Amino acid sequence: MDAKDLKSALAYSMKYEAAKTVSKTSRNVRSIEIDDGTGKEKDEKFDSLLKTLEKLLNSHVAGKKNTPRRNPNATCWKCNKKGYVQRDCQTISPNQEN
């Protein structure tokens, strides 16, 4: 893979996945296997790219969960305290007890 940027790497990976899916499901298309030693190397590069993208996505999602609220004037509708919203409220209500 000679991808210089993320956009071209994504385009390559989408083409790769599409070809892989079509070769498994289509009766009119046969996959051609060429054993020149570069296939495994390309698959390893693709797998490493996919793992890197998954790590970036997971870190992005984890970063969003840990991001504090930007509005300090937000009021909780459950306990009426300022600084957070209802879903972040730690107050125990009577129906939440054991």
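Among contacts in the protein chain between residues at least 6 apart in sequence, what percentage join residues at least 24 apart? The figure is 22%. Keep in mind that what you're looking at is a predicted model.

Let's start with the whole chain. Its secondary structure is quick to list: two helices and zero strands. Of the 98 residues in the protein chain, buried ones make up 8%. As for the surface, the chain exposes about 9,200 Å², and carbon and sulfur atoms supply 52% of that area.

Now zoom in on helix α1, which covers residues 6-25 and has Ser13 in it. Ser13 has a relative accessible area of 10%, and since the cut-off for buried is under 20%, Ser13 counts as buried because its 10% falls under that limit.

Next, move along to helix α2, residues 38-65, where you'll find Leu53. This one has a relative accessible area of 31%. Buried would need a value under 20% and exposed one over 50%, so Leu53, at 31%, is partly exposed.

Together with Leu6 and Leu56, Leu53 makes a nonpolar surface patch of about 270 Å².

Notes. Residues numbered from 1 in each chain as written. Predicted model: local features only at pLDDT ≥ 70, side-chain atom pairs only at ≥ 80, totals over all residues. Heavy atoms only, no water. Helix = DSSP H or I, 4+ residues; strand = E, 2+ residues; numbered from the N terminus. Buried < 20%, exposed > 50% of the residue type's maximum accessible area, 1.4 Å probe, protein only. Patch = residues over 30% accessible without salt bridge, like charges linked within 9 Å, V, L, I, M, F, W, Y side chains within 5 Å. Areas by Shrake-Rupley, 256 points an atom, 1.4 Å probe, with all protein chains shown as cover. Salt bridge = Lys/Arg side-chain N within 4 Å of Asp/Glu carboxyl O. Contact = heavy atoms within 4.5 Å.
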